[in-house]
Amino acid sequence: LADGGGGAEDEELFALRAEVLKEAKKLKLKVSGLEGAVAAAGGSLPRGKRSATQPAPLAPSQTSGWGGREFVSPAGVPILVGRNRKENEQLSLRVAREPDVWMHVRGVPGAHVLLQMSRVKGKAPPAEACLQMAADLAAFYSEARDERKALVTYASPRHVTKPNGAPLGAVKLREEGGTIVGRPVDSELIPPEVLGAREAERFGGKG
């Protein structure tokens with residue numbers, strides 16, 4: 001009788017195991033496909049459910065000579081972020097061109113940020129989510145990074161100039177395009193691993 005009872009239980013366990021393996025296989029396929037898309041894009045999954053709307057992957061940076069930080073916006077637009085004064089100057093005066101969008105947090109030192117619309121085909125204006133991600137990054141890589149909100153100035157590259165005798169990385173705007181509220185602390189657009197490395201990722205620090 002014990003053997004007969006064990007056989008019934010074995011059949012149930014076998015069926016359960018088969019079902020679990022079936023579901024696990026489906027899950028593995030979904031996860032591996034998602035991870036492949038992220039790896040191809042050279043980035044990390046943002047928070048929330050945006051993984052289902054990730055842009056088509058971009059090739060490695062096409063910006064000649066650029067070795068600083070580079071992110072990809074929700075619409076697939078590259079976002080360059082200076083790590084120090086030298087890279088800020090390179091980004092603002094040599095890399096930036098129309099119709100890119102230049103950004104910097106207002107009133108405190110920080111990274112210069114460039115939303116590279118020049119690498120997007122067509123003349124469509126930048127999407128709101130792309131502008132917001134760039135503003136969040138500008139606030140995050142600045143001395144306002146511990147604030148919940150920080151005003152970020154944006155401008156056209158043609159209005160970014162360097163005054164005579166100004167120190168490395170210092171620029172002046174002939175005309176502002178406006179401001180965006182950056183969210184350095186609880187941004188849903190900055191990759192989680194970047195938010196988690198707050199000390200190492202400070203502007204002018206490591207990297």
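This is a predicted model: local features need pLDDT of at least 70, side-chain atom pairs count only at pLDDT 80 or more; totals for chains, interfaces and linings use all residues.
Local features need pLDDT of at least 70, side-chain atom pairs count only at pLDDT 80 or more, and totals for chains, interfaces and linings use all residues. Numbering starts from 1 along each chain as its sequence is written, and side-chain values use heavy atoms, with hydrogens and water left out.

Okay, the overall picture. We've got four helices and eight strands; those are DSSP runs, helices being H or I with at least four residues and strands E with at least two, numbered from the N terminus. Along the sequence the pattern goes α-β-β-α-β-β-α-β-β-β-β-α. Of the 207 residues, 36% are buried, meaning under 20% relative accessible area with a 1.4 Å probe, protein chains only.

Now the hairpin. Strand E1, residues 69-72, has Arg69 and Phe71 on its covered face, with Glu70 and Val72 on the uncovered one. In a regular strand, side chains alternate between the two faces of the sheet. E1 runs antiparallel to E2, residues 78-81, through four bridges; DSSP has to find at least two for strands to pair. Phenylalanine 71 sits opposite isoleucine 79 in E2. Five residues lie between the strands, and glycine 76 takes a positive phi near 90°.

Next, glutamine 90, in helix H2, residues 85-95. Why does glutamine 90 count as buried? Because its relative accessibility is 15%. Its side chain reaches the backbone oxygen of glycine 65 at 3.1 Å. Leaving aside neighbours within four places in sequence, glutamine 90 is in contact (heavy atoms within 4.5 Å) with Gly65, Trp66 and Val95.

Note on methods. Buried means under 20% relative accessible area, exposed over 50%, partly exposed in between (1.4 Å probe, protein chains only). A polar contact is a pair of N or O atoms within 3.5 Å; within protein, one must be able to donate a hydrogen and the other to accept it, and residues adjacent in sequence count only if both atoms are side-chain atoms.
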